[in-house]
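Here's a quick tour of a fold, going from the whole chain down to a few individual contacts. Have the viewer open as you read.

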Amino acid sequence: MSRIHEALKKAEQERAASQGGSAQPEYSAVEVATAPVMPGAKASELDAGTEHPANGRVPFNAAMPSLASPFNVDALMARSIQQSWIPDEKIMLFFNEDDKVRGTEEFRTLRSRLYALRDKAPLKKILVTSALPKEGKSFTSANLAQVLARQHGRRVLLIDADLRNPRLHMMLGTTATPGLADYLQGGTDEFSIMQRGPMENLFLIPSGQELSNPAELVGSGRLKLLLQRIEPLFDWIIVDSPPSVPVSDASVLAKGCDGVLMVVRSNSTPIDMARRARQEFPDEMLVGVVLNGTNSEVMPYTRYYYDQDHSSATEPRS
Ligand SMILES: Nc1ncnc2c1ncn2[C@@H]1O[C@H](COP(=O)(O)OP(=O)(O)OP(=O)(O)O)[C@@H](O)[C@H]1O
Ligand SMILES: [Mg+2]
């Protein structure tokens, strides 16, 4: 049985066990993921390095496009918008000065798994989605982006591509405009929609102004172009998306990404819905499942499952 199948089964069991039980608390305890680290992972890519503090200044790393390209680091720093974010520290775990806040260790584990996968296949642009609303996509996207940016010299872009129900700007305590929707409509350029806040190396493209036709714009091809242009400037690009069962945006967005991370909310996501969501994406794109929000004090509140190799599906993953 694949680990992803195991994760879905586990979520279903927890949901069944909770039916008729007490309400799910906001937080419960955490547990380190059980999935093995990929064999043969390059030590240089694994996250053995130290983290810098949330507000620390860290130099950019050297392997960047030359100044001849309009998409270079100098342009990024000069033209992106410095903002005073006021993150919600209860859910934006890495803005808290306390490095041992509950949940942070699980995001570090997720980071290690992604580096291990990246040694096997190209993996930079990750779409975060789930079957249904309110399963923790934005929570996972934002904290994953933070834990990646906390490493020295790693530059990370977080994109709010949920144009139907954007939340990242609220979680990070900043403005939603200008943002992705404005760019997709042709109203602005790449750098003018990028914000940077107090965490060095973490950049945000918020959702932008509200739209009446998000599906058309997301499918227009302009988003893929945006990703291609700015990709060389970042080590990781994390894309938050709408739920994939009710609307098609996530499967369209996935076409511009290298991998898909599926969030399953424990005690909540029906297994048939999780399976349906999973079928929206090609096997080779699914890099893992995040089991979010378990409700016992001794269980994780966020837990991760990965396949051995997202570039070759060797066992059924339904
Ligand atoms: N593990 C968690 N611990 C505590 N709070 C969480 C956790 N996961 C999600 N939440 C909270 O649950 C709510 C829903 O989470 P979130 O907004 O991330 O879900 P979503 O899947 O992005 O929803 P939508 O489909 O509406 O975009 C938010 O208030 C978020 O802060
Ligand atoms: Mg969301």
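This is a predicted model: local features need pLDDT of at least 70, side-chain atom pairs count only at pLDDT 80 or more; totals for chains, interfaces and linings use all residues.

## The chain overall

Two residues are in contact here if their C-beta atoms, placed from the backbone, lie within 7 Å.

The chain has 318 residues, and 48% of them count as buried. Its secondary structure comes to 10 helices and nine strands.

## The main nonpolar core

Which residues touch the most other members of the largest nonpolar core? They are V156, L158, I238 and V239, in a core of 73 residues. Helix α4 (residues 137-149) supplies the largest share of this core, with seven residues.

V156 is worth a click. Setting aside neighbours within four places in sequence, V156 is in contact with A145, L148 and A149, with N201, L202 and F203, and with F234, D235, W236 and I238.

## Helix α3

Helix α3 covers residues 104-118. From first C-alpha to last, the 15 residues of α3 reach 21 Å, close to the 21 Å expected at 1.5 Å a residue.

Is α3 largely enclosed or left open by the rest of the structure? It's largely enclosed, because 12 of its 15 residues are buried. Among the buried ones are T104, E106, F107 and T109, along with Y115, A116, L117 and R118.

## Where α3 meets α4

Two packed helices are described by the angle between their axes and the distance between the axes. For α3 and α4, the axes come within 9 Å and cross at roughly 70°. That makes α3 roughly perpendicular to α4, because angles of 65 to 115 degrees count that way.

On the α3 side, the residues involved are F107, R108, L110 and R111, and they meet N143, L144, V147 and L148 in α4. By type, this contact divides into five nonpolar residues, one polar and two charged. L148 also turns up among the contacts of V156.

## L93 in the loop

Between β1 (81-82) and α3 there's a loop, and L93 is found in it. Why does L93 count as buried? Because L93 has 23 C-beta neighbours inside 10 Å, and the cut-off for buried is 20 or more.

Leaving out neighbours within four places in sequence, L93 is in contact with V101, G103, T104, F107 and N143. F107 is 14 residues from L93 along the chain, and their C-alpha atoms are separated by 9.4 Å. F107 and N143 also take part in the meeting of α3 with α4.

Terms used
Residues are numbered from 1 along each chain as its sequence is written. Chains are lettered from A and ligands numbered from 1 in the order in which they are written. A nonpolar core is a set of buried Ala, Val, Leu, Ile, Met, Phe, Trp, Tyr and Cys residues joined through C-beta atoms within 7 Å. Helices (H or I, at least four residues) and strands (E, at least two) are DSSP runs, numbered from the N terminus. Axes are lines fitted to C-alpha atoms, for helices over the stretch in contact, and angles run from 0 to 180 degrees between N-to-C directions. Angles under 35 degrees count as roughly parallel, over 145 as roughly antiparallel, 65 to 115 as roughly perpendicular and the rest as oblique. Ala, Val, Leu, Ile, Met, Phe, Trp, Tyr, Cys and Pro count as nonpolar, Asp, Glu, Lys and Arg as charged, and the others, Gly among them, as polar. The expected span of a helix is 1.5 Å times one less than its number of residues.
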